[in-house]
Amino acid sequence: MSGLAAVIAGKHGPGVHHWHSGLEVADVRHSVEHAGWTFGYVDGVALEKKREVLRAIGDALSFPDHYGANFDALRDCLRDVAEPTVLLWEGWGSLARAEPEVFEKVCRVLGNRDGGPPFEVLLRGPGPETGLESLD
């Protein structure tokens, strides 16, 4: 069972993980949604600033218009995510190289939701060493 399949099946705890799959985004979306989970996608290759990444995450997860694209707003909106969700963040390395402290904080906020349905973040693509677990 692949790492993503294990998360979706409840055999592996959700969180923030590296994922090295070569599946097309549409195929990942199909698999996730077929399992009854919500899917969000961030193309972060050109995103090197906190606000850009937080805005992209908000767009990917369809946060409300009043979402302020800051850490408090991210934390608040994540509490309102009502369905099991997979967020695929490609190009995460751009922010991790440009603003490593911000990247670490984004990962902490995404990975430490208080309760609610499972929430999985898949970091795909090259980047610096993070110490985060891989699903591969």
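Modeller: Gly-44 sits in the loop that runs between strand S2 (38–43) and H3. The model is a predicted one. Gly-44 has a relative accessible area of 1% and is therefore classed as buried, the limit for that class being under 20%. Across the sequence, Gly-44 and Glu-90 are 46 residues apart, yet their C-alpha atoms are 5.6 Å apart in space.

Glu-90 leads on to a charged contact. Its side chain meets that of Arg-124 in a salt bridge, with 2.9 Å from N to O. This pair joins distant parts of the chain, since Glu-90 belongs to strand S3 and Arg-124 to strand S4 (residues 119–124), 34 residues apart. Both Arg-124 and Glu-90 are buried.

The whole structure holds four salt bridges. Among them is the one between Arg-29 and Glu-33, at 3.3 Å from N to O. Arg-29 and Glu-33 are four residues apart in helix H2 (residues 25–34), so about one helical turn separates them. Arg-29 is partly exposed, at a relative accessible area of 32%, and Glu-33 is also partly exposed, at 40%. Another salt bridge joins Arg-75 and Asp-72, whose closest N and O atoms are 3.2 Å apart. Both residues lie in helix H4 (residues 71–79), three residues apart, or about one turn of the helix. Here Arg-75 is partly exposed at 31% relative accessibility, whereas Asp-72 is exposed at 52%.

Three aromatic pairs are found in the whole structure. One of them is the tilted pair of Trp-89 and Phe-103, with 5.7 Å from centre to centre and 55° between the planes. Trp-89 lies in strand S3 (residues 85–90) and Phe-103 in helix H6, 14 residues apart, and the pair thus links distant parts of the chain. Both Trp-89 and Phe-103 are buried. Ring pairs bring Trp-89, Trp-92 and Phe-103 together in a cluster.

The patch consists of Lys-50, Arg-51, Arg-55, Lys-105 and Arg-108. Helix H3 (50–60) and helix H6 (100–111) each supply at least two of its residues, and H3 gives the most, with three. Lys-50 is placed in helix H3.

Terms used:
Residues numbered from 1 in each chain as written. Predicted model: local features only at pLDDT ≥ 70, side-chain atom pairs only at ≥ 80, totals over all residues. Heavy atoms only, no water. Patch = residues over 30% accessible without salt bridge, like charges linked within 9 Å, V, L, I, M, F, W, Y side chains within 5 Å. Areas by Shrake-Rupley, 256 points an atom, 1.4 Å probe, with all protein chains shown as cover. Lys, Arg positive; Asp, Glu negative; His and termini not counted. Charge placed at Lys NZ, Arg CZ, Asp CG, Glu CD. Phe/Tyr/Trp six-rings, centres within 6.5 Å; stacked < 30°, edge-to-face > 60°. Buried < 20%, exposed > 50% of the residue type's maximum accessible area, 1.4 Å probe, protein only.
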